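User: I want to know what backs up the terms used for this structure. Please take me through them briefly.

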Amino acid sequence: MFAHLKVAPPDPVFGLAEMFRADSNPAKINLTVGAYQTDDGETPILDSVKRAEELILAKESTKNYLPIDGTSNYAKLVARLIFGDRHPVISDRRYATAHTPGGTGALRISTDFLRQQCNTKTIWVGNPTWANHPQIFAAAGLHVEWFPYLTSDRRQLDFGSILDALGRAGSGDAVLLHTVCHNPTGFDLSHEQWREALAIVKERRLIPIFDFAYQGLGQGLDADAEMIREFLANGQAALICSSFSKNMGLYGERVGALTVVTEDATSTPAALSQVKSIIRTIYSTPPQHGGAIAETILSNEGLRQDWMAELETMRLRIIELRETFVQRLSMRIPDHDFGFIRQQVGMFSFSGLTREQVIRLREEFAIYAVESGRINIAGINSRNLEPLCEAIAKCVEQTASCEV
Ligand SMILES: Cc1ncc(COP(=O)(O)O)c(C=O)c1O
C-alpha cells in the first residue's frame with residue numbers, strides 16, 4: 001500500500017537543524033532555526049513563563065477541552081496586545097480572535113478561511129519569504145503569486161516592485177505582509193512605505209494577512225503594532241496571525257492566535273463561527289498549557305511587566321549582536337561594505353552569502369545557515385563570533401564572484 005511512496009524533501013530550515021544535530025564536530029555553529037539563544041547557546045525558558053507555570057500548576061483543576069477558539073480571556077488579551085488599551089477595532093467589536101497552535105496554525109486557518117469563505121484564489125507573496133509560507137498557502141488551495149521583495153543585489157527593499165505587485169493584484173486577492181522583522185531578510189518597510197503600500201491595499205480591496213510572528217522583537221511591543229493600529233482604525237478588514245513562539249519563547253508549546261478584523265461589527269459573529277468550523281475539522285480545539293501560560297502572563301500585571309523586561313533584553317541583545325557582527329566582519333574583510341546588515345531588523349539577517357558559500361561554510365567549517373544566506377543573529381555568541389567571521393572571510397576571499 002505504501003511501497004510507492006517517495007521520500008519528501010527535507011524542510012529547508014528544520015532539515016538543516018537535523019543535519020546540525022547529527023554533526024559530531026565540537027566547533028559546530030547553528031544559525032538555522034529562528035529561535036533565540038543566550039550567550040551560552042541555550043534557548044531558555046523565560047522566568048516569567050516559569051512563574052506563570054507555577055501558578056497554573058497550583059490552581060489548575062481539569063484537563064478538559066478548551067472551547068474550539070480557546071478562552072474568551074485569551075482572545076481579549078491577544079487583541080489588547082495587538083491593538084493596545086484603546087482602539088476602535090476593540091471598542092467597535094470588529095474583531096474575532098481564535099487561539100491557534102502557533103503562528104503556523106493561524107496562517108493555515110486564515111488561508112483556509114479566505115479560500116472557503118471569501119472565494120480567494122490568489123495570494124501575493126514577496127520573494128524571498130519564510131520557506132513555510134508557500135507550502136501552507138498551497139496546502140490551503142491558494143495560488144501563490146510572487147513578486148520581488150529585494151533588489152537584485154539583495155541589499156535593500158525593492159519597494160517599486162512591491163507597489164507594482166499590489167497595483168496588479170485583483171480585488172479579493174490576499175496579500176501576505178510581514179508586519180515586523182521580515183523573515184528571512186530582516187528588511188522592513190519604513191512607516192512612509194507602509195502607508196503608501198497599505199493605501200493601495202485599501203484602494204484595490206485586497207485582503208491583507210499580517211504575519212505578526214515577531215511582535216516586540218523589532219522596535220518594541222507597541223511600536224511594532226503601530227502600522228496595523230493606524231491602518232485598521234477606520235473600517236478596514238484584515239487577518240492577523242500572532243505567535244508567542246518568539247516573544248515568550250514558547251516555541252514547542254505551540255501558542256498563537258488568528259484575529260479576523262471585520263469592516264463592521266455585524267460580520268464579526270459570522271467570521272468567528274466560520275473560523276471555528278475550520279478549526280474543528282483540523283485540530284478540534286487548541287492545546288491548553290501554552291495558551292494558559294500566555295494568558296497568565298498577560299493578565300497578571302506583575303508577570304506582564306517582568307515578561308516585557310525579558311523581551312526587551314532579548315530585543316536589545318539581538319541589536320547589539322548585529323552591530324558586533326558587522327564590526328568584526330568589516331575588520332576582517334575591509335574592502336566590503338556591510339552597512340546593509342545594520343539596516344535589518346529582528347532575529348534574521350540576509351547576510352548576502354551565496355548558496356555556494358553557505359554550503360562551504362557547512363561542509364568545511366560546520367557552520368549551518370539557511371541556503372538563501374539567512375542567518376539567525378541570535379545564534380551568534382562570544383565563543384563563536386570570531387570563528388564565524390574568520391570562516392566567512394575565508395569563503396568570501398576565495399570566491400571570485402562574491403556577493404557579500
Ligand atoms: C515569518 C514567520 N511566520 C510564522 C512563523 C510561525 O511561528 P510558529 O512557530 O508560532 O508557528 C514563523 C516561525 O519561524 C515565522 O518566521
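User: How many residues of domain 1 are in contact with domain 2, and what makes a contact?

Analyst: This is a predicted model; local features need pLDDT of at least 70, side-chain atom pairs count only at pLDDT 80 or more, and totals for chains, interfaces and linings use all residues. Residues are numbered from 1 along each chain as its sequence is written. Here 21 residues of domain 1 are in contact with 19 residues of domain 2. Two residues are in contact if their C-beta atoms, placed from the backbone, lie within 7 Å. On the domain 1 side, S9 gives the largest share, three residues.

User: Why are H14 and H15 called oblique to each other?

Analyst: Their axes cross at roughly 125°. Under 35 degrees is roughly parallel, over 145 roughly antiparallel, 65 to 115 roughly perpendicular, and the rest oblique. H14 and H15 are therefore oblique. The axes come within 10 Å.

User: Which residues make that contact of H14 and H15?

Analyst: H14 brings Gln357, Arg360, Leu361 and Phe365; H15 brings Ala391, Cys395 and Val396. By class, they divide into five nonpolar, one polar and one charged.

User: What makes a residue polar in that count?

Analyst: Ala, Val, Leu, Ile, Met, Phe, Trp, Tyr, Cys and Pro count as nonpolar, Asp, Glu, Lys and Arg as charged, and the others, Gly among them, as polar. The shell around the ligand has nine polar residues, two nonpolar and one charged. Gly34, Gly102 and Gly103 are among the residues surrounding the ligand.

Terms used: Near = placed C-beta within 6 Å. Helix = DSSP H or I, 4+ residues; strand = E, 2+ residues; numbered from the N terminus. Axes fitted to C-alpha atoms, helices over the stretch in contact; angles between N-to-C directions.
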